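Dear colleague,

Here is the structure I said I would pass on. My notes on it follow below the display.

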Amino acid sequence: MPALLSDTALVFGRYARKVLRSRFQMLFGMVMPLLYLVLFGPLLTGLPLDGGRDSWQVLAPGLLLQLALFGASFAGFSVIVEKGQGVIDRMRVTPVSRLALLLGRVLLDAALLTCQSVLLVGAALLMGLRAPLLGLLIGFAFVALLTVALGSLSYALAMRLTGAHQFGPTVNAVTLPVMLLSGLMLPMSLAPGWLDALSHLVPLRYLVEAVRDAYAGQYASGDVLVGALIALGLAAAAVTAGTRVFREERTSLR
């Protein structure tokens with residue numbers, strides 16, 4: 001365990017230094033959610049959404065998880081680049097734990113996207129969002145867990161594929177339906193029955209509903225508990241799968 005923590009901190013620090021040298025990279029991921037917040041949010045003001053819940057309490061949680069969805073899903077592009085430069089091969093011949101190679105990356109992604117989430121929520125508060133502090137903190141925790149899950153899967157996918165020409169279309173083909181069916185923009189309770197039923201097959205829907213309940217102060221609701229269990233389960237399964245891919249890739253080179 002001490003060796004794993006040390007290796008993870010080493011990998012985390014290596015990529016954190018690269019991120020800190022690029023302020024553009026730190027802020028770029030916020031652009032799309034911020035545009036939705038500023039240009040789409042005012043259209044929902046006063047509309048009867050999700051049982052009469054305030055429109056900002058509906059939109060802001062969706063935008064937080066949208067930030068994690070797209071930011072983490074495309075994180076594997078960095079692995080594509082490093083594979084082409086031979087960086088991944090050089091790292092795999094070191095004694096660093098395969099799990100640490102993955103955890104160092106995804107924990108940095110989680111920290112970065114959580115910081116972006118704080119800025120996004122700050123903008124939402126200025127525009128009219130009202131939510132309890134505990135609800136906001138719960139939302140940030142869900143962003144971090146979703147980032148760990150999707151980031152691990154993204155890195156694993158990037159290790160399997162040969163180039164960006166395969167990675168980009170594959171990620172887009174998955175993230176777009178997930179975004180549309182999870183109710184990120186509008187609650188799926190507004191959808192026709194068949195579409196609402198189909199959306200229950202998308203795990204992200206349960207996370208969205210959990211954060212919306214938390215923003216409304218409904219911490220004891222079943223949705224928050226179900227969302228937390230699904231988020232933890234996804235993160236654990238994704239990290240396990242991602243670590244296995246890193247180990248298999250190393251074995252295949254011997």
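**Aromatic pairs and overall build**

Tyr 36 and Phe 40 both sit in helix H3 (residues 31-44), four residues apart, which puts about one helical turn between them. Please keep in mind that this is a predicted model. Both side chains are partly exposed: Tyr 36 has a relative accessible area of 27%, and Phe 40 comes to 22%.

A search of the whole structure turns up three aromatic pairs. In one of them, the ring centres of Tyr 36 and Phe 40 are 6.2 Å apart and the ring planes stand at 90 degrees, so this pair is edge-to-face. The cut-off for that label is an angle over 60 degrees between the planes.

Phe 77 and Phe 167 also form a pair. Their ring centres lie 4.8 Å apart with the planes at 70 degrees, so this pair too is edge-to-face. Phe 77 belongs to helix H5 (residues 77-85) and Phe 167 to helix H9 (residues 164-181), so the pair ties together parts of the chain that are 90 residues apart in sequence.

Now the chain as a whole. The protein chain has twelve helices and zero strands. Its radius of gyration is 19 Å, close to the 18 Å that the globule rule gives for 254 residues, so the chain is as compact as a globular protein of that length. The C-alpha trace spans about 60 × 40 × 35 Å along its principal axes.

How much of the chain is buried? Of the 254 residues, 48% count as buried. As for contacts, take those between residues at least 6 apart in sequence: 79% of them join residues at least 24 apart.

Regards

Technical notes. Residues are numbered from 1 along each chain as its sequence is written. This is a predicted model: local features need pLDDT of at least 70, side-chain atom pairs count only at pLDDT 80 or more; totals for chains, interfaces and linings use all residues. Side-chain values use heavy atoms; hydrogens and water are left out. Helices (H or I, at least four residues) and strands (E, at least two) are DSSP runs, numbered from the N terminus. The radius of gyration is taken over C-alpha atoms; the globule rule is 2.2 Å times the number of residues to the power 0.38. Buried means under 20% relative accessible area, exposed over 50%, partly exposed in between (1.4 Å probe, protein chains only). Contact means heavy atoms within 4.5 Å. Rings of Phe, Tyr and Trp (its six-membered ring) pair if their centres lie within 6.5 Å; planes under 30 degrees apart count as stacked, over 60 as edge-to-face and the rest as tilted.
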